[in-house]
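Reader: Could you walk me through reading this one, feature by feature? I'd like the general idea and then the case at hand.

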Amino acid sequence: MNSNSSRHRINAALMPKYHGRQVCLLGKAKDVDPNGTYFTLTSSDGRDVRITLNEPLSEYVAGLTEVHGVVQGNSIICDNYVLFSEEASNKFDMVLYNQAVEMMEKAADYYIQGVEQE
């Protein structure tokens with residue numbers, strides 16, 4: 001595993017700190033572009049983030065979605081995404097998740113995300 005495979009879990013407020021880096025952003029997908037080249041993700045802290053795709057979507061994207069990609073300004077260039085079931089979306093506690101993301105960021109020395117090799 002190389003350093004590019006290390007992805008920090010973030011919310012939208014943390015995006016400037018991770019510009020140009022691999023991240024994992026979880027939120028609710030909405031407003032899919034008619035051409036399927038981007039969609040909006042409302043992150044765990046309630047902010048909207050544009051998710052730009054390398055290839056047009058081949059499936060319907062809505063509800064709880066985890067995006068893996070690189071932060072570029074106020075958007076994420078998506079490498080991969082994971083859709084969760086409607087049941088999982090309905091049961092997921094976004095407020096609690098956001099608190100966990102913020103806690104991991106504050107205690108970064110104690111919660112190591114991913115494995116980086118030199």
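Author: Here's a tour from the overall fold down to single side chains. This is a predicted model, where local features need pLDDT of at least 70, side-chain atom pairs count only at pLDDT 80 or more, and totals for chains, interfaces and linings use all residues. Residues are numbered from 1 along each chain as its sequence is written, and side-chain values use heavy atoms, with hydrogens and water left out.

Reader: What pattern does the protein chain follow along the sequence?

Author: Helices (H or I, at least four residues) and strands (E, at least two) are DSSP runs, numbered from the N terminus. Here you get two helices and six strands, in the order β-β-β-β-β-β-α-α. Take a contact as heavy atoms within 4.5 Å; of the contacts in the protein chain with a separation of 6 or more, 54% join residues 24 or more positions apart.

Reader: How much of the protein chain counts as buried?

Author: Buried means under 20% relative accessible area, exposed over 50%, and partly exposed in between (1.4 Å probe, protein chains only). By that rule, 41% of the 118 residues are buried. Accessible areas come from the Shrake-Rupley method with a 1.4 Å probe, and for residues only the protein chains shown count as cover. The protein chain exposes about 7,100 Å², with carbon and sulfur atoms supplying 49% of that.

Reader: Which residues touch the most other members of the largest nonpolar core?

Author: In soluble globular proteins, nonpolar side chains tend to be buried together. A nonpolar core is a set of buried Ala, Val, Leu, Ile, Met, Phe, Trp, Tyr and Cys residues joined through side-chain atoms within 4.5 Å. The largest one has 26 residues, and Ile10, Phe39, Ile51, Val67 and Ile76 touch the most other members. Elements giving two or more residues to this core are β2, β3, β4 (48-53), β5 (63-72), β6 (75-83) and α2 (94-106). Not counting residues up to four places away in sequence, Ile10 touches Met15, Tyr18, Val23, Cys24, Leu25, Val71 and Val101.

Reader: Now the rings: why is the pair of Phe92 and Tyr97 called tilted?

Author: Rings of Phe, Tyr and Trp (its six-membered ring) pair if their centres lie within 6.5 Å; planes under 30 degrees apart count as stacked, over 60 as edge-to-face and the rest as tilted. The structure holds one such aromatic pair. The ring centres of Phe92 and Tyr97 are 5.6 Å apart and the planes sit at 50 degrees, so the pair is tilted. Tyr97 is buried at 13%, while Phe92 is partly exposed at 30%.

Reader: Is Asn11 buried or exposed, going by its relative accessible area?

Author: Buried, with a relative accessible area of 1%. Asn11 lies in the loop between β1 (8-10) and β2. For polar contacts, look for a pair of N or O atoms within 3.5 Å; within protein, one must be able to donate a hydrogen and the other to accept it, and residues adjacent in sequence count only if both atoms are side-chain atoms. A polar atom of the Asn11 side chain lies 3.2 Å from the backbone nitrogen of Ala13.

Reader: And which residues is Asn98 in contact with, leaving aside its neighbours within four places in sequence?

Author: Asn11, Ser44 and Asp45. Asn98 is in helix α2 and is buried at 9%. Its side chain has a polar atom 3.5 Å from the backbone nitrogen of Asp45.
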